Amino acid sequence: MGQLSAQLIRKLQKIVGKESVRTDEVSLALYAYDCSLSRTRPDGVILIKNAAALPNIISLLHAHRIPFVARASATNHAGSCATLNGGVVLNLAPLNRILEINTKQEYAVVESGVVTGKLQQALDPFGFFYAPDPASEKVCTLGGNFIQNASGARCMKYGNTAAHVLEADVILPTGETLTLTPDNTVGNLLGLLAGSEGTLGIVTRLKVKILPKPSHIKTFLVTFPSLANSIQTVTDLVARGILPRCVEAMDKTTVSAVEDFTHAGYPSAEALLIFELDGTAQQIAQDEQQLQTICCQNGALNFIAAQNEQERASLWRGRRAAYSAMARLAPNVMVGDGTVPPKELPLALEKIHTILMQEKIQASLLFHAGDGNFHPQLVFDERNKPDVVHIKKILKRILQICVEHGGTVSGEHGIGVEKRALMAYQYSLDTLSLMAKIKHATDPLQLANPLKIIPLDYTEKARIEQPPQILMPFVQKLQNAEKPLQITGTNSRLKTDKTTCVLSAQTLNRILEIDTNNYTVTVQAGVLVSDLRETLKTHHLFCVLPNAKGTVGGLFAGGTAPEIYPHILGLEALLPDGSFIRYGGKLMKNAAGYNLVRLFAGSQGQYGLVTQLTMRLFASQPAEIKEKLFRRAAHNTWSEKLKKEIDPRGILL
Amino acid sequence: MNDCSFRDIDVTHPKNHLTSVKTDFGVRSFYSSVSFCNRCGCCAQDCPTYLFSQDETLSPRGRNQAARLLVEQKLSPQKNKKELLRLINSCTICGRCTQVCAGKIPTAKHVLEMRRLLGVRVLPSTLQKGLELRFAYPHLFNCLVKFFLVLRLCGFIKLLRFSGLSYATGFGWLGKADTLLPPKIGKRENIKITTTPSLIYIPSLETFYFQPSVFQKTLQTVSRSFQPSVWENTPTGRFEFVFGNVRKARVQLKKLITRHRNLPTKNLPVLTDSIDAYIFLKEAAPSLFEEYPNWQQKAEQFAACVRFVTDFLPSGKEFITAAKPVCLDKGALFSHKSQPIQDAAQLLHSSFAENFVQFTYDADMPAFAYSFVKGNFSEQLIPPLLQTVKENKIQTVVTLSGWNKMEWERALKKQKINAKVLHISELNR
């Protein structure tokens, strides 16, 4: 029973019933793992059949100082479900009811244990679909997807899970329950919770966005003489304003492994892409023509278009069997999850290939070409300990290469315990300290999924990053402030008078880089929205921005346009103590650590001064969004705790 | 495949222990086979016991991990027997997990191995003796079955049950079998003996004794184009394989194969009317001889001759008849995607078109098939399945084995659902 006293077990049994509390050795052993290599036995397992019982359970565990880890299908590749400090596993899989499907307002309300594939099945008869499609959608749950911020092949067009969750019921590690929406508190804490891997709370109910199914879908298989050609094709496609529903890619090794296994009829080539276009028949016909032209320009060797549903299934057969093709070779397949800016992909992949060849590792390489996310699949035998150590070392090196190319150690699988040490390689000391503060504020006793995400020795291992020279006056002002400061910018809507001390970001008004290879724009926070829109227009580029008077930073932190949050890929900010943080970048996906973009989104300067933003660009005009009326954000219990932890002096108003 | 127990396993060299299993990617040792489970969890949503319980311990992944921990001696079979028995006895051996698994891990076979290793893969002793008697003295066995029915007519079985004696060790199965079996043995026409057969028909035990109409229809179906020879009371080793005595299963299979090989015409088709017998003879039997290449080759040749009723049934409205709408029961051990199941679905689809109701995956539970093997968990799968039958106003349930037919009839009667159950051969006009 470990940490669980007989008295506590009796109390828990009283809440959930005797049969739902397990302390037998078999249950403990079988709840000790997920899809990763981590294996730690908990002290107890509780089957949660009713969400209403959860707050009481959490409060009880909190009162007894018992750590807990929530899980459902446990398909996680990073060891997020391992109970590193022992404690209790809360099995949320029985919370699997779809509560509401509203096709008029396009949303569905589900319990967190609903399997993603089951929601898709339920939506199908109504002609709707749920956009995020993790590869394991047949078994993974929506709660798990949200808490890991999972994405999938369709991410390039539709975005990751966080972009599709409208509301969530969450139980904080202290037992308080909250309902979060993107704009009902200081900062987009709903977005912060996405990808937090259960370290900040437990989600019991979700309201997710659903979309009408496209009337037509067409699939294409194209082969290229090199990886670089294939990546260039995707960049050119985006440049023409074509956003495929998904772009999946394989390298030569994978193609031949798949072909050996499935005989799917894939032509032999250095790189193979599977495109899928969706929309109206007319749209697809237009895009297809352009696609063919672009592929030919980039030296495509074969261009195969599926003419019917059967052919489409046949084109996908090989891609879907890629994992199986590897799984038959050895007992274990370790799936990596590095992400780099798309432009860097060929170079990073070349280095990885060299390492795999040198180390004589049997591996296949799959990647979502559109967003720079790749999955090396390394086969090994878990029973052979030296083999495991070797594979872990190789994977570490691969992920380090990603970071060296401006990427991240996790695009969609999360950090858990397996990539925890690499966080110190990716982030600076101040950025990791902020993440640690977020955890400490939310869960001071370190009970919710403890010891995950943040490296234990980050204070020694993480690099110290100085703020750029241009920010030094701001740093000094923050550090020396005696009175509370109000962050403002051009056309700021925050009311100030003569007595208010102001920290103005007006001088930070440069557009730093328009990157047409990765389709990103990096701007300082004080750039006017209208200026940015105009400049981009001259380049025939577009951003998801409303027609607003203020600055980009003001729009982002003011919380008047929550629709822009999914399109903010990275930021730099100064915290109230003057420390400088950097998160994300030209990355389409980043599941490493807490989503700091979402912490500052709509925070109205309460957590820090956003100095720089990196945004996603489009080659065609996205749907116009409207700015909402500005209102001062109100704190809830969680945001108050965060504010106290991040700004203990209360220096930012 | 050999007998062994957990005591035999040398933990320092677990790969070397005796048991091995046949997988889609070749023969692997038991330890190696369970180790190929990558814990991806893709099997869970296809496992009826997991769907019901949402409990990891009742998922295929959980069962494979438990097997692995047992072999690695990280779980004590003695201390955890109760929980382990719950885990392995709940498995319905339907094989759905293997179908969806990327690595094709044969979890159902692992469960059977675990049952054997934990000493629970055995028939109740009385039933075992009855079966042995059947093989040794078929006539005496026939007399005993009749005697049993007379006893039941006299109310002896009820008396036994009310007195509590049926709960005594070795008699537990009696109550179950009593409610399951039909009230009387139907009349069967005399079997014509042919000296130059062109097909061998091995009726399953349940069909031969308790489902004479199925037996008769199957015989009729093949008689149109073949000269069948019925090998009644022929032990195939299936019960032994499923319940654990692998050596006996091997001996009986050898006898069957030799008898088949000694026929004047070589490679005659061998017909079976039970989906479980088909899967055993076709897929499991050759794996019993993996250490005897010569016999394995013979078993594979024999397996190639094995046919199911669906191979001989004509399709179309003029040949096939049943009250509509119809549905297909996919209850089978080890595989619900075996060729006969697919053929049967195809046949029903072509004959009944929209009147053939295909259940959604959740409702299509493998609830019926050899309840002796499956343990009591399958009882929980029955109500939703019956509910689906009721909701879809199904008039005919088509099964692929006589035993499933008996189980279905019993369940429908209990729930007072007015639907008929037919073995697929009974659809033939």
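A salt bridge is a side-chain nitrogen of Lys or Arg within 4 Å of a carboxyl oxygen of Asp or Glu. The legends below describe a predicted model, in which local features need pLDDT of at least 70 and side-chain atom pairs count only at pLDDT 80 or more, while totals for chains, interfaces and linings use all residues. Residues are numbered from 1 along each chain as its sequence is written, chains are lettered from A and ligands numbered from 1 in the order in which they are written, and side-chain values use heavy atoms, with hydrogens and water left out.

**View 1. A salt bridge joins B:Arg68 and A:Glu382.** The N to O distance between the two side chains is 3.4 Å. Between chain A and chain B the count is 4 salt bridges. On the side of chain A that touches chain B, the elements giving two or more residues are α2 (25-30), α12 (322-327) and β16 (332-335). Helices (H or I, at least four residues) and strands (E, at least two) are DSSP runs, numbered from the N terminus. The largest share of this side of chain A, 5 residues, comes from α2(A).

**View 2. Chain A and chain B meet through 42 residues of chain A and 38 residues of chain B.** Contact here means heavy atoms within 4.5 Å. The area buried between the chains is about 3200 Å², and carbon and sulfur atoms give 52% of it. Buried area is the accessible area (1.4 Å probe) that two parts lose on being put together, summed over both.

**View 3. B:Gln45 lies in the loop between α1 (30-35) and α2 (48-53) of chain B.** Is B:Gln45 buried or exposed? B:Gln45 is buried, with a relative accessible area of 8%; buried means under 20%, exposed over 50% and partly exposed in between (1.4 Å probe, protein chains only). Leaving out residues up to four places away in sequence, B:Gln45 touches A:Val115, A:Lys118, A:Lys138, A:Val139, B:Tyr50 and B:Leu51. The side chains of B:Gln45 and A:Lys118 are joined by a polar contact of 3.2 Å. A polar contact is a pair of N or O atoms within 3.5 Å; within protein, one must be able to donate a hydrogen and the other to accept it, and residues adjacent in sequence count only if both atoms are side-chain atoms.

**View 4. Helix α6 (residues 107-117) of chain B is mostly covered.** Of its 11 residues, 10 are buried, including B:His110, B:Glu113 and B:Arg116. Just after α6(B), B:Gly119 has a positive phi of about 80°.
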